[in-house]
Amino acid sequence: MTSKRAWALAILLLLTSFALVTSWALILRPIQVNILMPASIAKSTAGLVRQFNNDHHGYINLQVTQGPQDTEAMSDLAISSLLLGKSPYDALLIDVHWLPKYARAGWLTPLDPWIEQQEIDSLAPGAQLGNSYDDHLYRWPLMADMGLLYWRTDLISKPPRTPEELVKVSQRLQQEGKVPYGYIWQGRQYEGLSCVFLEVLDGFGGQWLTPGTDAVGLDSSASVKAAGWLRDLIISGVSPEAVVNYSEPETLQAFKSGDAALMRNWPYAWGEVQKDNSPIKGKVGVTTMVAAPGHTSTATLGSWGFSILKGSSNPEAAAEAIAFLTSTYAQKQLFLNYSYTPTKATLFKDPELLSKSQILPDLAKALQHTEQRPQTPVYAQISDVLQRQLSSILTSQGELKTAMDRAQVNTEQILLAAGETR
Amino acid sequence: MIRTRNLWITVLLLWSLAPLLWQLYTSFCSNESLIHTFATHQHRWTLENYRQVLTANPPFWRYLLNSAFVGISSTGLTLLLAIPAAYSLVKVPQNFARGARLFLLGAALFPYVLLFLALLEIARSLNLGNNLLALSFPYAALSMPLAVLLLSSAFRDLPSEIEEAARLEGLGLWQRLRWVLIPLIGPATASTAILVFLFSWNEYPIALTWISTTDLLTLPVAIARIAGSSVYSIPYGAYAAATVLGSLPLLLLVIIFQRQIVSGLTQGAIKG
Amino acid sequence: MIQLLLLPAALLIALIFGIPLLRYLWLSFHADSVITSLVAIPNNGANWFRLFNDQRFWQDTYQTARFAFVSVSLEIFLALGIALLLDQRWRGRGVVRAITLLPWALPTTVMALGWRWIFNTPNGPIEQFAKLIGLQHLYGLQDLNILANPSLTWLATVVGDVWKTTPFVALILLAGLQTIPNDLYEAFDLEGGKPCAGLFKITLPLLQPYLLLGLLFRLAQAFGVFDLIQVMTGGGPASSTESLALYAYLNAMRFLDFGYSATVMIASFLLLVFICLFGWLVIHQTKHFREVVK
């Protein structure tokens, strides 16, 4: 009897001490925070992440998971991890146009408790857009991002400002045999094509979706003109036929090897064309997209930003990591080393950055003219409809007006269906 | 006559190998030389692509390992369930067996990609996501119809006297299966195993939706993901290196098990 | 007792095949999308109504069917040739057979990526070769732009599929050839028949069940084509290569519209069953017909 009791006591003691040791270890173990980022950004932020982990040694351990680069593949990965439940990530870097969808699906935690209004106000105007849904802040931008027109300073004295000028200068350069092509852009059937089109559409004075309403403007005359202009670029040979299969890497590659005088791309491309091995280093300038006379040129708002997932068990620690990765210090590093455009308004006037980069004022200017893609949870669908019709126009499968009418009708149907089920 | 035949054999070999050889060639070329083909380059040949693929995070062999693991566990699970089922299919009444066989044939024909969404939901509700072992369940189920068909035709071919003799010796059902029948259908089992393994190794849509952790990706998904891995340039060399590395294990497998694969497929065709 | 041995396998098959189909049927009568915050709400068949008016669904059906019919017919045709070649006895047959088999054993995604590079404009070998012989001038183009030209891209996907799956069909046909006794040909030769006629008089009729099996199997698989398209073209350009499976995938994973995705999948399944039944009936009829003629 006594021996039995002694055993029980011993086991109890053992269990208690085990529980104590584990809980002690759990308290002392740093909080794990895992963030999913697209490959290139994961690489660029690696140094900052190391620094953060040193500063928070034994308290927070930030881990970055490297996702695919392509935004759609990245979205598929993020979504499948969310749909599987129990996502392995605490936070995601999300592309600006995913936000309404993710927020509406109920996957994100509002960031309002961690980010104060004055911090929001300190962002440059373009960077303030696209972070909220239904009056809650869900996303905090890592960088500002907008479509830019790159031009070769050694071939042209000043960049074209209207669509007409763009074509004229391209054809002149082509005739002189200075470049095989005038202008290259992203014409592949994917999200980038919607971005390209939005800029041209605005430049011709049209509007994709009037904010706050369901009024679609894809069959407007401006819209038809915009799509027609893109198509004619290919027909007239200003843009290569292969442009209908170009996404950003192909565009950059062709521009870098001197195949074209003008390119539409995002700010990251600047760092690439300025690399030492680049044949066009020091021969490139940036400006905003062309616009028809009487209309202002606009830049499609891109950019990646952090969102904390609802399932995260450590939102506090994740918020702290995000605060560091988006701090003024981090933004300076990322701009100087990787040409990630900063989001804080003050940085655009920072003497150190200004002395190191001649395009910062251009970026600031472009950021003031950013335009958002439609803010709706069904954006992926309506963008897909648009890409499909544009692609059929660019590949001469569809007649211009018919295709845009179809895009209009399909978009209206999607929005209507979304409204009905709500 | 023989000359035309040799001609056709050459054509066949070219058709089968040319795309692979082109990938092999590409994998040893530097990216610059690929973009400007036919131009002479000092640094045409390089191992850089392989270095890049093998030192990526996680390294490429990790995916091979994952695929091999899933392949082996799915094959094991399939055989474990398919052998008894195939045996019993031979023993049950003919009408029932015929119906079951027709049903299995239908299931084997089914384009399983259509199942991915519901399987994703199953993975969520049973918490099977991001688990390589769990991936064997859908894989085993999807290869089950073919496996049962192949194995039951092998059981059917065994002379019934053998089992009768074993029964007279006093061997129970399990003993008969374990010591007499299963060894006898060894060749058919091997072919089935190879086919299941190949299927699991190559499966894409389910792995794509069930696995979201980078370390656990299987080869086909990892390869597809390399497709969108760089903003700066188009890494055709790295693509090619990845395809070569991804093909090598299968090349070996096909060369070693060529006979089993052929007999497996032909058996299935004759009896299925 | 013995029937019990079937149970585990049957349960697993029921779980992985049966439950999804029932679930899709149920989902197809519900709105379950990002708009409903991923909660299923009954919607009185609105999904089905939408499906019938969905131009894109019907276009994808057409494209999928086109892809399936063209690639499967090519595969059967080529596979027949390969099988006849491999059926003869010659030195090195084993090695050639292994090499022929190789494309089939590789993961689809691996070579889908390879094809993307092979068909690349302007650096891929096909484009280079076309330039070398001046093929593009035939069409007055600068490049062929295979993956950017809606009338060529789907053919490129057919090539990818034919390359990969012909060996599989060839093996099935090879199995069939090996069941044909040699005496038949000898008797035919004695009667003075031409070798070519032997193919039509003996081989093809006896091969019929194998041709049928290969046809059915490949048709079903090609109808569900997904891996190849997703990696090789992503459905573009101008959605000219989008397949039904890819459309269902996009609806689920990108648009987060599970109700409609399920509807598309059930509908494609029904279409496939319909096609197979139709094919079955036609074959049945012709068989019957032949017996009547006899």
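**Two chains and the contact between them**

Read from the N terminus onward, the elements of chain B follow the order α-α-α-α-α-α-α-α-α-α-α-α-α, and in this predicted model the secondary structure of chain B accordingly amounts to 13 helices and zero strands. The C-alpha trace of chain B extends over about 80 × 60 × 30 Å along its principal axes.

Chain A, by contrast, contains both kinds of element, with 17 helices and 14 strands. The C-alpha trace of chain A spans about 105 × 55 × 40 Å along its principal axes, and 53% of the 422 residues of this chain count as buried. When contacts in chain A between residues at least 6 apart in sequence are considered, 75% of them join residues that are at least 24 apart.

The two chains also touch one another, with 20 residues of chain B in contact with 24 residues of chain A. On the side of chain B that touches chain A, the largest share is contributed by helix α6 of chain B, which covers residues 116-125 and supplies three residues. Considered by residue type, this side of chain B consists of twelve polar, six nonpolar and two charged residues.

Conventions: Residues numbered from 1 in each chain as written. Chains lettered and ligands numbered in written order. Predicted model: local features only at pLDDT ≥ 70, side-chain atom pairs only at ≥ 80, totals over all residues. Contact = placed C-beta atoms within 7 Å. Helix = DSSP H or I, 4+ residues; strand = E, 2+ residues; numbered from the N terminus. Nonpolar A, V, L, I, M, F, W, Y, C, P; charged D, E, K, R; others polar. Buried ≥ 20, exposed ≤ 12 C-beta atoms within 10 Å, placed from the backbone.
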